[in-house]
Amino acid sequence: MGLGILIAASIAACGGAAAPSVAPSVAVATPPSAAPTVAPASPAATESIAPIATPAPSRSHRPLPSIDQTELDAYLTSSITLLDLAEGDLSVAVGYLDTTSGEAIDLGTYDLSSNEQRTDQVPPGTFKLEFRTPGTAKPQACTIEIGDKDAITFVAIEGAVAIGKAGSKPAAVKELFVATSSLCGH
């Protein structure tokens, strides 16, 4: 801010005389090597002002963590596939169970439309899935231990949710459904 404007603003703020009614005009900035020029004082004083650089947003000096996909892939060795073959939408709440404390860590709720599929890589561990489909009175739940390189598939059909594990054959029909499968610790 120019010295004249600063003095006029200070006087006005202290209850003194009002600031000049004519606003000062601003000339185009001069190169940094040249000294700024000020026109002679007059009611319409002009001065040359270098533009004020807009400060960049403050940033933390801590380095941000970098995630290398190959390092991440070393942990995400298993997969969960959700497929909705029912007429209505499927909603699946997924949580990771901490086996030491017994508490579930909510990973989110996934909504699928009819005939939609979703596959996500996950680390081995214990997961709790809660399936909500139209036509079922209450959600169906499955607490499942997923081992290294396991591929688990859940398929919503009318009134039920089927479960399958890649490389294993169910011994009985009851093993095909979340409500009765031994894969789901109830």
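Visitor: So, Asp120 first: what's its relative accessible area, and how does it class?
Guide: This is a predicted model, so keep that in mind throughout. Asp120 comes out at a relative accessible area of 29%, which makes it partly exposed.

Visitor: Which residue does Asp120 form a salt bridge with?
Guide: That's Arg118. The closest N and O atoms of Asp120 and Arg118 are 2.7 Å apart.

Visitor: And how accessible is Arg118?
Guide: Arg118 has 36% relative accessibility, so it counts as partly exposed.

Visitor: How many salt bridges does the structure hold?
Guide: It holds 3. One of them is between Glu130 and Arg132, with the closest N and O atoms 3.0 Å apart.

Visitor: Where do Glu130 and Arg132 sit on accessibility?
Guide: Glu130 is partly exposed at 24%. Arg132 is partly exposed too, at 44% relative accessibility.

Visitor: What about Lys165, which residue does it form a salt bridge with?
Guide: Lys165 goes with Asp150, and their closest N and O atoms are 3.7 Å apart. That pair links distant parts of the chain, 15 residues apart. Lys165 is in strand β10, residues 160-165, while Asp150 is in the loop between β8 and β9.

Visitor: Is Asp150 buried or exposed?
Guide: Asp150 is buried, since its relative accessible area is 15% and the cut-off for buried is under 20%. Lys165, on the other hand, counts as partly exposed at 29% relative accessibility.

Visitor: Changing topic to the cysteines. How many disulfides does the count come to?
Guide: The count comes to 1 disulfide. It joins Cys142 to Cys184, with an S to S distance of 1.9 Å.

Visitor: Which parts does that pair tie together?
Guide: Cys142 lies in strand β8, residues 140-146, and Cys184 lies in strand β11, residues 184-185. So the pair ties together parts that are 42 residues apart in sequence.

Visitor: What's the handedness of the disulfide, and why?
Guide: It's left-handed, because the torsion about the S-S bond of Cys142 and Cys184 is about -90°.

Visitor: Last one: are Cys142 and Cys184 buried or exposed?
Guide: Both Cys142 and Cys184 are buried.

Conventions
Residues are numbered from 1 along each chain as its sequence is written. This is a predicted model: local features need pLDDT of at least 70, side-chain atom pairs count only at pLDDT 80 or more; totals for chains, interfaces and linings use all residues. Side-chain values use heavy atoms; hydrogens and water are left out. A disulfide is a pair of cysteine sulfur atoms within 2.5 Å. Helices (H or I, at least four residues) and strands (E, at least two) are DSSP runs, numbered from the N terminus. Buried means under 20% relative accessible area, exposed over 50%, partly exposed in between (1.4 Å probe, protein chains only). A salt bridge is a side-chain nitrogen of Lys or Arg within 4 Å of a carboxyl oxygen of Asp or Glu.
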